[in-house]
Amino acid sequence: MRSALLSAPGKPLEIVERAVPEPGPGEILVKVTACGMCYSEVGHLRDHYPFGTFPIVPGHEISGVVAALGEGVEWPEPGTPVGAAWPYGSCGHCDQCVRGDQILCTGAPRPVTGVNRDGGYAEYFLGRAGFVTPLPDGLDPVAGAPLMCAGITAFNGLRQAGTAAGSKVAVLGTGGVGTMAARFAAAMGARVAVVSRSHRAEEEARTFGAELFVATAEQDPAEALRDWGGADVVVNTAPDTATGLAAFGGLRPDGTLLYLGFGAENVSVPPAALVVNRLRVMGVPSGSPHDLRDTLDFAVAHGIVPEVTPVTLDDAPRVLAEMDEGVHRGRAVITFG
């Protein structure tokens, strides 16, 4: 099979020929239909993950079809369309795992798709039973591939932060996760504000249901949110910490600053404001298999799929280099066949 390989930190993505893997006990072989290209791959390229390994086939936004089952696996049957996401597996016995929150598994090492287990930049992917999710009817496997990361991160983050009908949600950033967060929040019945550096994404944000758009080049985000009456949830999807801190002052009492994107700098907020207004600062790292099922079902029910640009495996090295340089636009999805 053809696959893309990160051989070492900082090295360009290589296209290589490898043997199709055979599923062992508890494993599933998936013929890959599509794999989204996520900014997390840039983080791995830059060796930001202490749990990451090289060489590795990256990619954790996978859709495909079950091709073969390993020993002891009876489900899902061959031919079933499935998706796979960030968590490749878990220890299965810690408190978090037995409660069905495998994304918070405390076992070590934590297996992560495309980071320390080969991912979906390949014609075939070897997954773990119980960590692939059947795709619901009506979901396009190419357009839906980024739901396995950007989608579940936004959806699960919003509900973990307590988003409900009538909530006021401010989304910082208009990239893949930000766009998903704005669309999911609106579908949940929330009132949505979108905050970005410029007005470039305003028209799109309005079509997704944003009632307020704030361009930080012209207006202080915290002040703009206070003029709006304050936000119950401020969702930072930008790849830096400071963007979230700049909007912290726009929270209403009992509000939550939610980090889905962040940088290397620490979060520093005034403790008096936290105490007096009973505020929270939290982060959400994608989700568990049951969260992915909920995400996909909700997306299909509300007609929410990302806007994607299909690319070939041969395009992947160029696209990843452009993502690393910050010049790539759009959500690229590698397609096979």
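Leaving aside its neighbours within four places in sequence, which residues is Phe-184 in contact with?

1. Phe-184 is in contact (heavy atoms within 4.5 Å) with Leu-147, Gly-151, Ala-154, Phe-155, Leu-158, Thr-295, Phe-298, Ala-299 and Ile-304, once neighbours within four places in sequence are left aside.

2. A word on the ground rules: this is a predicted model, in which local features need pLDDT of at least 70 and side-chain atom pairs count only at pLDDT 80 or more, while totals for chains, interfaces and linings use all residues. Residues are numbered from 1 along each chain as its sequence is written, and side-chain values use heavy atoms, with hydrogens and water left out.

3. Phe-184 also belongs with Val-169 and Leu-258 as the residues with the most contacts inside the largest nonpolar core, which has 36 residues. Such a core is a set of buried Ala, Val, Leu, Ile, Met, Phe, Trp, Tyr and Cys residues joined through side-chain atoms within 4.5 Å. Two or more residues come from each of helix 3, strand 8 (168-172), helix 4 (176-187), strand 9 (191-196), strand 10 (210-215), strand 11 (231-236) and helix 9. Helices (H or I, at least four residues) and strands (E, at least two) are DSSP runs, numbered from the N terminus. Another core, of 35 residues, lies apart from it and includes Val-132, Val-311, Leu-313 and Val-319.

4. Do look at helix 3 (residues 150-160): 9 of its 11 residues are buried, so the rest of the structure largely encloses it. Buried means under 20% relative accessible area, exposed over 50%, and partly exposed in between (1.4 Å probe, protein chains only). Among the buried residues are Gly-151, Thr-153 and Asn-156. Just after the helix, Gly-162 takes a positive phi of about 90°.

5. There are 7 aromatic pairs; rings of Phe, Tyr and Trp (its six-membered ring) pair if their centres lie within 6.5 Å, with planes under 30 degrees apart counted as stacked, over 60 as edge-to-face and the rest as tilted. Tyr-49 and Phe-51 have ring centres 5.5 Å apart and planes at 20°, so they are stacked. Tyr-49 is buried at 18% relative accessible area, whereas Phe-51 is partly exposed at 36%. The rings of Phe-155 and Phe-298 are tilted, because their planes are at 45°, with centres 5.1 Å apart. That pair links helix 3 to helix 9 (residues 289-302), 143 residues apart in the chain.
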